Each structure stands twice: as structure tokens, then as C-alpha cells.
Amino acid sequence: MKRQLQPHQRITQSITGPFQKTIWKPFVKAVDTYSLIAPGDRIAVCVSGGKDSMLLAKLMQQLQLVRQNSFELAFLTMDPGYDPAHTAQLQDNAALLNIPVQIFRTDILRVVNRQEQHPCFLCARMRRGHLYARAQSLGCNKITLGHHFNDVIETTLMGMLYGGQIQAMLPRRKSDNYPGMELIRPLYCVHEEDILAWQEANGLAFLRCACRFTSRSTEDPAYSRRARVKALIAQLKAESPEVERSIFHSIHTVQLDSMPGYKQQGEKHSFLEQFKG
């Protein structure tokens, strides 16, 4: 008689089975291409409760198994001030996926909900600071965040269209404020549509942002710059299926010789420098 799998075993098998090509292989590709994980690392996997971070946690568990525990994991969940029902759903999902999260509470939502304007940047910065501090206190040298392929290309276009700069989201970066700490993004090559397909195939329901601004952004996509850029990319993709890949490839092949100006380590440079002397 065939042994019935536990829910978390079935979900793990879906990652390395039906979703091996679209999720597992791009995940491993990012880890290896960008040298995100080294033997001896102690990594804090930041689990917000959303689809991206929950999938990331399962992928990191599986990678640790495949690579025979060459690195250590700690699963951190920061409660920014959720209501009890929100926290309960997060804990239920973590138990369902067999993710041993360590939850610590902050008052971030109380702070950002007092802001007049959309506080996403402030919220993200505060969350990251708390996660770095807690991870470092646990002896971790890296934290992981669940930013995926679509986050990368959308952020690139947002910087150009709204920020007046060409700036990408790195797969790995050293912390400016926490010496010895790094941030890594193992979902860098995984597409959001494939994450959504994995979630639907497994009948999973994850948390959405609990900020009071979220519902407004959902009802009125024009309110969110990221939503506008997402819609623009979708429109362009309908006309040219390779447009997403082209945007992603462009940040790996920047031609500095063709740029009239650029910054390196905060210092401005001009193409005119090559004419001096």
C-alpha cells in the first residue's frame, strides 16, 4: 500500500516535480550564478507570510537537504503589528508547510499607518533594519528576501521612469549598516507567474500586505507606480514575448562606454573624462 504524503511533503515534491523547470532550476541557477550561498553560512530566511517568502522558505529547506547541510538556516518572521487573525493565518501556513518560523513583534504598522503619503519605502526600510538586527543577534551572516524576477525588472523600469536613474536590484549586496551581514535574493530568476501557478496548484492561500494603503492600491492600479509599470510590461510582452527577458538581460550587459554619465561608489563620472589629457 502506497504511503500517503504529508501536506508539506506533497508541496515539496511539487517544487522538484511539476515545477522543477519553472521554479527549482531557476532558483538553483540564481544561487550558483551569483554565488549566493557558501559552505558554513548561517542564513536567516525572512518569512513575511506572502507567497514569495513562503516558497523561498521551502526552496531553502530543499536546497539544504540536497547540499547535505553545508549551511544553516533560521526562519525569521517579523510581526509588524498584525491583528490576531492575521498572525494566526501566518502561523497556520507555516505549520502546513513545515517551516519552523521564529516570530518577533515590532510596531512598524503603527508607525507607517500614521503617514499621510504611501509609506512603502519607509516600511521596507524599517522592516529590513529589524530583520538585520535580529538575524545578526542569532549569529547569521546573511538574510534572504523573496524578491523575484518580476520585482527586478519592474524596479529597473521604475527607476528610469520615475527616479531619473538606471539602477538595478542586485542579487547579493553587503549591508551598509550591519558589518559582516549580506542580503541575498535566491528567487532572482524565478518568474512571479510561476510562483502563482505553484500556489494555485497546491491550493494555498497566503497573506497579503496588512497596510491600510493596500486596498486603495488594489482598487485603483493607477495609484501605484509599480502597478502601472507591471501593466506596461504586460502590454509590451503581449506585443513582444521576449521583452521581460530583454529588460533582465540589459542590466547584466550595461555598456558604460555609451553612457554620458554614471555613478560608481557614489562618485559621479562623465564620458568627458576620456577626452581629458
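Q: Does S35 count as buried, partly exposed or exposed, and at what relative accessibility?
A: Buried means under 20% relative accessible area, exposed over 50%, and partly exposed in between (1.4 Å probe, protein chains only). S35 has 43% relative accessibility and therefore counts as partly exposed. This is a predicted model, in which local features need pLDDT of at least 70 and side-chain atom pairs count only at pLDDT 80 or more, while totals for chains, interfaces and linings use all residues. Residues are numbered from 1 along each chain as its sequence is written, and side-chain values use heavy atoms, with hydrogens and water left out.

Q: What is the phi of S35?
A: Most residues other than glycine have a negative phi. S35 is not a glycine, yet its phi is positive, about 50°.

Q: Which other residue has a positive phi, near 55°?
A: That residue is Q265, which is not a glycine either. At 85% relative accessibility, Q265 counts as exposed.

Q: How do the axes of helix α2 and helix α3 cross?
A: Two packed helices are described by the angle between their axes and the distance between the axes. Helices are DSSP runs (H or I, at least four residues), numbered from the N terminus. Axes are lines fitted to C-alpha atoms over the stretch in contact, with angles from 0 to 180 degrees between N-to-C directions. For α2 (residues 20-33) and α3 (residues 51-66), the axes come within 11 Å and cross at roughly 70°. The two are therefore roughly perpendicular (65 to 115 degrees). Contact means heavy atoms within 4.5 Å; among the residues making it are W24 and F27 of α2 and L59 and Q62 of α3.

Key. Parallel < 35°, antiparallel > 145°, perpendicular 65-115°, else oblique.
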